[in-house]
Amino acid sequence: MALQRWFQKAAQNPEFYAGSVFAGAPQVLGLTVSPDAWQQAAEHVATGGGRLQALWASRDRDGHDIVRVAFIAEQGVLVLSLVVPATEADYPGIEQWFPSASRMQRAVADLSGLRSTDTDTRPWLRHAAWPQSFHPLIDAQTSPSPPAPVIDRYPFIPVEGDGVHEIPVGPVHAGIIEPGHFRFSVVGEKVLRLEERLGYAHKGIERRFTEFSLLSGHHLAARVCGDSAVAFSWAYCQALEGMAAAHLPNRAVWLRALALEMERLANHLGDLGAIANDAGFAFGLTQFSRLKEQLLRATEQTIGQRYLMDFVVPGGTRTDLSSAGVRLLIDAIELITPEVQALRAIYDEHAGLRDRFVGAGVVSSTLAAQLGLTGLAGRASGQAFDLRCDLPSDPYGDLVPKKIVRSEGDVAARLAVRFDEVTESTRLVQRILRELPTGSHQVTISTPSEDALGVGMIEGWRGPIFIALEAGADGMIRRCHPHDPSWQNWPVIEHAIIDNIVPDFPLINKSFNLSYSGHDL
Amino acid sequence: MLKTLGKICRTGIITEPPPLGDDSLRIIDALQSRILEILGRALCIRAIDAGSCNGCELEIHALNNPLYNIEGLGIRFVASPRHADLLLVTGPVAKNMEVALRRTYDATPDPKLVVAIGDCGCTGGIFGESYASCGRVANVIPVDVAVPGCPPSPRQILTGIVTAITEAVPQTSRLRQSG
């Protein structure tokens with residue numbers, strides 16, 4: 001099979017370009033390719049059932065611009081690097097095989113100045129705050145902002161016809177939500193087309209990373225997306241520890257898994273209430289926000305923070321968990337479990353709720369595969385992928401999580417996946433607490449040498465979180481690219497809403513609950 | 001329906017006293033009457049995320065859970081700046097949000113209060129000022145109270161809101177704070 005050949009080539013190629021060996025996450029292979037091979041590989045990955053994980057650009061020590069792409073397949077992760085010569089303006093785009101690549105390529109053009117050959121060349125993360133000629137990840141100058149803040153005109157694709165009108169929403173939203181803009185084209189109540197415009201929360205995270213040392217970058221990684229702090233900081237540390245050839249004690253990785261599953265539980269509990277609330281069932285929000293609060297308080301009492309922004313650190317975890325803490329957490333989880341089951345029965349038997357959930361915002365399995373829907377939302381549309389099961393890093397090989405998959409692809413399915421994942425994460429947390437290995441929770445790690453490359457991949461609650469890390473001189477970060485699964489999933493919402501009514505948008509949107517900050521960077 | 005009602009009854013009222021001192025009931029009355037004195041009705045808050053990581057939003061959401069029960073204090077979140085007395089602003093202000101934040105501030109009727117939430121809202125936090133970030137909220141609009149924390153707890157946020165409403169005297173016009 002064509003896809004297999006690329007993995008073999010990457011595994012056997014003795015002529016490794018220095019920039020193609022990636023440490024960190026399990027089963028990552030790198031290969032430097034020509035422009036032709038770049039597209040050919042994309043085609044073979046797509047036809048072989050592989051998926052696009054991330055696409056980004058970096059500049060090496062000698063000033064070569066490199067565009068990189070990470071694919072995931074059954075065999076593992078394949079990272080291709082394409083050196084873009086200075087004389088050649090455009091590199092070959094891969095949108096025809098991976099539609100979600102379009103926005104990633106547009107972001108690369110905004111931040112690094114490398115353009116793809118694909119047709120949509122509208123800016124994506126760049127609005128009017130800095131000029132087109134400035135490329136934040138390449139140019140040394142700091143602040144070329146225009147004298148007065150302005151709003152640019154973004155060419156939305158218009159829909160024309162009798163009775164069609166547009167509803168613009170955002171960037172400031174009606175609720176307590178992150179900023180973004182939605183342009184609906186509607187007839188009556190029915191949505192004909194939705195076009196998203198994101199980038200409002202862009203605060204220069206990737207450039208900011210280059211001002212951090214390798215051993216302190218996890219603080220920023222944890223704040224790429226506040227609801228996925230553990231996943232991002234773990235992915236960062238995984239890349240870093242791979243580059244430093246560090247070996248972590250068992251207790252450290254088990255504590256990280258505990259934190260990751262607690263983060264999953266907290267987010268799922270919050271969403272289970274918020275989704276019902278968007279269907280007019282305030283009771284659900286009241287009950288689930290109460291359970292979430294109980295969980296956060298137990299987390300604070302035992303681990304020290306409600307949201308674990310600084311728990312995962314290079315070499316392990318910042319704090320250990322006492323035996324009293326273990327007991328307290330076991331008790332807290334045991335209190336929550338039966339309540340979730342009781343509430344699920346109430347949700348399932350509520351005719352009005354079912355009416356809102358079933359058949360709303362459907363993404364069929366075929367469409368999901370075509371567009372590359374990933375993570376939790378993907379698993380609700382038959383995309384049976386979960387890094388914890390497919391490419392497990394320690395300790396998930398031992399924990400063996402159950403993969404939760406549904407095929408209906410509607411709001412009800414995304415809710416059901418969350419309910420089932422709450423049950424599964426509860427089981428995992430209980431097992432971790434009972435079997436927590438003894439030993440140290442942290443080891444000292446050394447600074448990776450210049451030019452070392454690393455990849456970190458952790459299945460956060462929303463989906464696969466990816467970090468690509470490159471070591472610079474003097475222990476500093478040369479490049480860090482964090483990638484949230486929202487990049488893949490935002491474009492799918494544009495499809496999920498078609499033919500639904502406008503008032504169902506908040507419900508459908510919440511059932512995905514994608515990140516703005518994690519995407520806008 | 002019976003299950004739902006049963007659950008409501010079994011859960012009972014779990015709201016905790018607000019972080020205002022010992023004699024909580026009297027102080028709730030005082031706070032409510034102070035709000036009524038100033039506004040003549042409930043305090044209406046408009047939350048604006050000007051570029052945060054979403055961490056502060058999670059804790060602002062928590063204020064609506066039944067343990068903090070912010071509506072029970074006569075404070076509620078509204079969907080438009082036109083309805084708001086107080087703006088709760090999070091994040092370092094992303095340059096891409098600068099105009100939207102200014103317009104939201106301008107659309108809020110006087111007298112109005114602004115509470116900046118989180119380390120980023122207070123100082124720019126870990127993101128600082130850059131080609132893409134204006135830094136702290138006070139660099140863009142006048143701020144009355146700033147609540148540090150990453151993220152601040154719901155109690156700390158509530159304390160910030162209460163501080164703004166009880167101690168600051170809203171003015172119809174104020175000069176922009178200098179950098």
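User: What makes strand S13 (residues 453-459) of chain A and strand S14 (residues 464-471) of chain A count as a pair?

Analyst: This is a predicted model, and in it S13(A) and S14(A) share 7 bridges. Pairing asks for at least two bridges, so the two strands count as a pair. They run in the antiparallel sense. You can pick out one spot yourself: Gly456(A) stands opposite Ile467(A) in S14(A).

User: Which strands form the open sheet in chain A, and which are its edge strands?

Analyst: The order is S1-S13-S14-S15 (chain A), with mixed pairing. Strand S1 (22-24) and strand S15 (477-483) of chain A are the edge strands because each pairs on one side only. Neighbouring strands are turned by 25 degrees against each other on average, direction ignored.

User: What makes helix H6 (residues 229-243) of chain A a helix that packs on the sheet?

Analyst: H6(A) touches S1, S13, S14 and S15 of chain A. Its direction makes about 145 degrees with that of S13(A).

User: Why is the S3 strand (residues 86-90) of chain B called mostly covered?

Analyst: A residue counts as buried if 20 or more other C-beta atoms lie within 10 Å of its own.

User: Which strands pair with S3(B), and in what sense?

Analyst: Strand S1 (residues 43-49) of chain B pairs with S3(B) in the parallel sense over 5 bridges. Strand S4 (residues 113-117) of chain B also pairs with S3(B) in the parallel sense over 5 bridges. For examples, Asp49(B) has Thr90(B) in S3(B) as its bridge partner, while Leu88(B) has Val115(B) in S4(B).

User: What kind of unit do S3(B), helix H4 (residues 98-107) of chain B and S4(B) make?

Analyst: They make a β-α-β unit, and a right-handed one.

User: How do the axes of helix H7 (residues 250-278) of chain A and helix H15 (residues 411-435) of chain A cross?

Analyst: Their axes come within 9 Å and cross at roughly 150 degrees, and the crossing is left-handed. Among the residues that meet are Trp254(A) and Leu258(A) in H7(A) and Leu415(A) and Phe419(A) in H15(A). By class, this contact has 15 nonpolar, 3 polar and 5 charged residues.

User: How many residues does the contact between the chains take?

Analyst: Chain A supplies 46 residues and chain B 43. On the chain A side, H8(A) gives the most, with 6 residues. That side divides into 23 nonpolar, 14 polar and 9 charged residues.

User: And what is chain B built from?

Analyst: Chain B has 6 helices and 5 strands, running α-α-β-α-β-β-α-β-α-β-α from the N terminus on. Of its 179 residues, 50% count as buried. Among contacts in chain B between residues at least 6 apart in sequence, 80% join residues at least 24 apart.

Conventions
Residues are numbered from 1 along each chain as its sequence is written. Chains are lettered from A and ligands numbered from 1 in the order in which they are written. This is a predicted model: local features need pLDDT of at least 70, side-chain atom pairs count only at pLDDT 80 or more; totals for chains, interfaces and linings use all residues. Two residues are in contact if their C-beta atoms, placed from the backbone, lie within 7 Å. Helices (H or I, at least four residues) and strands (E, at least two) are DSSP runs, numbered from the N terminus. Ala, Val, Leu, Ile, Met, Phe, Trp, Tyr, Cys and Pro count as nonpolar, Asp, Glu, Lys and Arg as charged, and the others, Gly among them, as polar. A crossover is right-handed if, with the strands pointing away from the viewer, the path from the first strand over the helix to the second runs clockwise. Axes are lines fitted to C-alpha atoms, for helices over the stretch in contact, and angles run from 0 to 180 degrees between N-to-C directions. A crossing is left-handed if the near helix is turned anticlockwise from the far one by less than a right angle, and right-handed if clockwise. A residue is buried if 20 or more other C-beta atoms lie within 10 Å of its own, exposed if 12 or fewer, and partly exposed in between; C-beta atoms are placed from the backbone.
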